[in-house]
Each structure stands twice: as structure tokens, then as C-alpha cells.
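Q: Can we go through this one together? I have a few quick questions.

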Amino acid sequence: MTEELIDQSPPPDPDPIQNSNLIIHPRRVPFEHGLLPIQKLVFTDPIQTLAPIKQKLASLATNHRVGSAAISDALSISDDHARLVLETLSSVLHCETDPLVLAKPEEVDSVGADLRDLILFLYIQSYKKLLPRTHKDSASVADVWPSTSAFDGYLSALSPIQLVRSNSRRFMPSPTDEEAHQLSYLQKHIANIISLLAEPVEGQGDDSLVLSMESLEHIGFLVHYGDKGFDVPSLSQATPFFANSDPDMPAVPVPASQVNDWLLKDIASALESISNRISGKENGASNASDQNAAMADSSVALNKVSSNDRGPCIIEGVSKTSLFKQASDLKGRSVKVANCHDSVIYLLAPLRYATVYGCSDSTIVLGAAGKAVKVEHCERVHVIVATKRICIANCRECVFFLGVNQRPLIVGDNHKLQVAPYNTFYSHLEEHITEVGIQPTINKWNESLALGAIDPHDSLSHPTGASDKQAEPASCVDPDQFTTFLIPNWFAGEAIGSTKDNPFPLPDAYKAVQQTNLKNLEETRQSLRETPLEENRKRELTTAFHMYFKDWLYATGNIRQLYCLQGD
């Protein structure tokens, strides 16, 4: 019966994708925020391994959904890792109305994931990331990256491979390079991916696989169609197979081979388009909207890209300055802060995803990131962020002040990391965390989960046996060293929000220190007010305070923030 319906289905439209100038793109988010360095999830031959796993999960599923217990059983991983799989998948899903995305923290294990999304998530764990590229301007790198480091002696003792992997002075591939790399991966594996989502025609066995409209939509986890800021909301509307389906009638499945041929053709076309674009740039052609815009000195290019998965807004190369961006600059966006040095960067906005890459000796304040934050290859950086989840990879001597709803993930080659509770606020903070769905009553800042010291998704080879090592865990900042970070009033002329204090409750030990500091400050103020001094002595005291404060500003580099405030 199914075969008869397939034969009677109308032929596909001539070529709606080309006619509408829509181009296939990889969804960047699963590749950037959805890879977990858990060895049991990285399959040498994904199709051979996942086919039986899919069958086992299907037998444990309820209405196509599998919870953490079933995932733990089928993949032979711990309950903690099964929960991590669900939380990570939730943060990178393409469907905002999926029950897993909408689930409360206590419901995640039971709500579970759609089996098809889970299989795709597990499949791409075999993805190898693109190697970092060298920087084109070695002089600017020398300025950004100081020649001496606390880790130079440590690094010199490592083998060449370990030295390369441990070296945080790397530079991210361009967004165009990454898109081409992800498309090439999908081009190689799309046939396997489709076969895992397809079902055999009744009575004909595995040689005749068909794909339902619902299953096709799940490929939207990996790809989407769009061009010039416009995205087709669903994959079935972008392909000819179900474009004219009657919403009141169940759509007839189509042969999986047709879907495979269609996607391969569009991927090849997209790769050719990227190749032509790169060739044009190499021949001197300019493109004002290109995401690889060059940055001079401490200037910043905020790239004009649409709010989709094709690429984040990039802030790169900020050096020895302060930078402020608010909601009107970044609202609804993803952001990547890369290769910044000796700066203070404020991004006080509701964000979806944020990445901090290759930065050093800086303080970076991220407003509220509703999906995920990743910090990698950073040295001596303070990150202050409210987010649902955070992954820290290959960092040194960094401190993280966290308001985080899920356990912080620590992976790779890290040294001397510290974590502390969230320690700041700005007037629109509560409005932003509500908008992106963060719960300030839940803060797991000190419940970090350390995974492998070696990232199996890295394209570099790894020393034998190194994959069994666990990442170095983070220690907690001593409560006596904990201070509140004060954000300057950057909102001149803007409507002031309602947040008057840190919305994340402090643990008792940190709260006690904060209250003691406030009490000591007030007592000092009171003592100064009550001390009988002649006018000339008061002026001398005031001058001394100003002098010591000025010395502190210069010694810490905070004098630059005052100049930036005056400039704004």
C-alpha cells in the first residue's frame, strides 16, 4: 500500500530552491556547542554503531522519546553523563517548542529527547573540528600576546604535540572556513544520516527506505535553507517533496534516495558558492558584509548578520581598551569575543549563545545567555555571566563568576581555574534573564563536571593513553577574596531597568564576607565624618585619598575605563 501511494505521488517541482535563491547552510550551533568529549559517544563508524543503538533506544522509547535512564542503558554511560547528553541536546535543538527545550530542570530526565534528534546528536559526535589558522599579522599578535607567560616553563617541558595542543595562542578559523568544513562533513555523511531516520517500506526490507515529512524535519537539526537574512522556517517547505502537502492529510513518505540526491546537490552548490566567494576575496574583490572584516588597532567590527545559525556577531582584536554593547546592539543575537587582550568588555544584552576564544588578561561581562556559553583557549581572563550552561575548555588562570542553571562543564587541558558565585548586576539584568529563560533561584556554579583532558573532536592527533585522563577541576574562590564587581552606569539617556541588586542569592560564606566588607566601609565613612579636623587637614586627607586612588587606577590599568567613560 505504501509503495502504491509513493508511485502515485506528484513529481517534484522544477527547482524551487534555485528559483527562490535559497541556499543550504549547516546549523552551526550543534557543531560549536553540542560536542561532548565522552569517549563512549565518539564512534569510529557511526552508522554501524548507531543502527543497533537506535533499535535498542526505540524499544525503550515512549512516543518516540527516550529519557536519561534509557540513554544510560543503551549507551553504557553514567547517569550524570546521560543527563549531560539531554541538557546539551536541549541547548542546541532547532525546535524551540520541543518538550525537552520547554522542560523544567526537574523534568529533563523524564521528558527526554525525541529519538531522531538524539540519533543525529550522537552521530555528529564523530565530527572533527577545523584546525585553527595562524594569524595574518604577526606583529599585532606579538602585541596582543605577551612574550612571557606563567606557563612558558611548563609548556617548554611538553612534547611537540602536547605543546601545540596546550598553546592557547591560537586563532579561530573564519566563519566561511567553518561553514565549508561543516558542509563537507555533511556531504560525506548525509546518506548515513538519512538512512538512520528512514523506515523500510512494508514488505520490501531495508533496500527500499522512505522518509516521512516529520522525519525530514528532524534533518533541520543539522541544516537549514535561507539567503540574505531570510530563512525558511521548516525543511519541508524548502524542499519539493512536501512543499504542497495538504495540512489536513497525512503526507506521503518519499524515497530516501530522492532526499539524499536533493541534499547532496544543494550541498555541492553551496560549497561551490563558498569557493567562488573565497576566490573573489583572494583576487581583491571586497564585500562590505563579509564576516571576516579586518579590524585595526582596538576598533571592533560588529558584523551585520541576521539572527540565525549562520554565524555570530564577532568582536575581535580588542586591545587595551574598554568596550560596551547593550541590548539594542546585540538583542536576540549570538556573539563571539575572540583574540582580545588587556581589556574590559561589557555585553549587557539578552543573548542566545556566546563564545569567548583566545583572550588574555581581560574581564568579560556577558549579560544573559539563554542557551550556552563556551570559553576556550583563554589566559588570565575573568568571565562574569548569567547563563543556562557553560563549557570551559583549555584555559589557564581564569576566574569564572557564574549564575548558571546547569553544572559547568570543564574539558580539555586547563590549569588553575577558579569559580565563584555571580557577583554583579546592571539595571536591566532581571529583565534579560527572564527573557532568555534563566532561573536565578538555581545556581550550580560550584558543581562543575570535569570530563576528558583530550578533546576527541580536535583534528590533531593525541598521545597514546591521554584520552583516559580527566580534565583538571576548578577550585572555588576563597570567600575572603570575593568582591562585588561594579558595572559603570553606561545607560545615559536610556530607560533604567528595575534591577537594584544581584538576583542570584549568594551562599552564606560569601554573603557574610560581603556584609562584613559593607559594614567596615560604612564604619570607616562614619569615622571620617565624625573625626574633628580643621579645614586644611580635611583638604590634605582628601588629596591623599585622591592620590592613592589615582595610583591604584594606573597600577591596575583601570584608568583606561575612566577615559572610555568620558569618551562615551
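Q: What share of the contacts with a separation of 6 or more comes from residues 24 or more positions apart?
A: In this predicted model, such residues account for 59% of the contacts with a separation of 6 or more.

Q: How many helices and strands are there?
A: The protein has 21 helices and 20 strands.

Q: And what percentage of the residues count as buried?
A: Of 568 residues, 50% are buried.

Q: What about the accessible surface, how much of that belongs to carbon and sulfur atoms?
A: Carbon and sulfur atoms hold 51% of a total of about 27,000 Å².

Q: Next, the inside. How many residues are in the largest nonpolar core?
A: That core has 79 residues. Leu118, Ile219, Phe221, Leu222 and Leu263 have the most contacts inside it.

Q: Which helix gives the largest share?
A: Helix H13, residues 175–197, with nine residues.

Q: What is Leu118 in contact with, leaving aside neighbours within four places?
A: Leu57, Val66, Ile71, Val85, Leu89 and Ala113.

Q: Which residues are in the other core?
A: Among them are Ile364, Ala368, Cys398 and Tyr510. That core has 62 residues and lies apart from the largest one.

Q: Which other residues of H5 are buried?
A: Ser68, Ala70, Ser72, Ala74 and Leu75 are buried in H5 along with Ile71.

Q: What covers them?
A: The cover includes helices H4 (46–60), H6 (79–92), H8 (108–111) and H9 (115–123). Strand S2 (65–66) is also part of it.

Q: What follows H5?
A: Ser76, which has a positive phi, near 55°.

Q: Changing topic: how many aromatic pairs are there?
A: The structure holds nine.

Q: How are the rings of Tyr346 and Phe485 placed?
A: Their centres are 6.4 Å apart and their planes are at 40°, so the pair is tilted.

Q: Which parts does that pair tie together?
A: Tyr346 is in strand S12 (residues 344–357), and Phe485 is in the loop between strand S20 (475–476) and helix H19 (508–530), so the pair ties together parts 139 residues apart in sequence.

Q: Is Tyr346 buried or exposed?
A: Tyr346 is buried, because its relative accessibility is 1%.

Q: What about Phe401 and Phe482?
A: That pair is tilted too, because its planes are at 50°, with ring centres 6.4 Å apart. Phe401 lies in strand S16 (residues 399–404) and Phe482 in the loop between S20 and H19, so parts 81 residues apart in sequence are tied together. Both residues are buried.

Q: Last one, His181. Where is it, and what does it touch?
A: His181 sits in helix H13. Beyond residues up to four places away, His181 touches Tyr127, Lys128, Lys129 and Leu130.

Q: How far is His181 from Lys129?
A: The C-alpha atoms are 8.2 Å apart, and the two residues are 52 apart in sequence.

Conventions
Residues numbered from 1 in each chain as written. Predicted model: local features only at pLDDT ≥ 70, side-chain atom pairs only at ≥ 80, totals over all residues. Heavy atoms only, no water. Core = buried A, V, L, I, M, F, W, Y, C linked by side-chain atoms within 4.5 Å. Buried < 20%, exposed > 50% of the residue type's maximum accessible area, 1.4 Å probe, protein only. Helix = DSSP H or I, 4+ residues; strand = E, 2+ residues; numbered from the N terminus. Contact = heavy atoms within 4.5 Å. Phe/Tyr/Trp six-rings, centres within 6.5 Å; stacked < 30°, edge-to-face > 60°. Areas by Shrake-Rupley, 256 points an atom, 1.4 Å probe, with all protein chains shown as cover.
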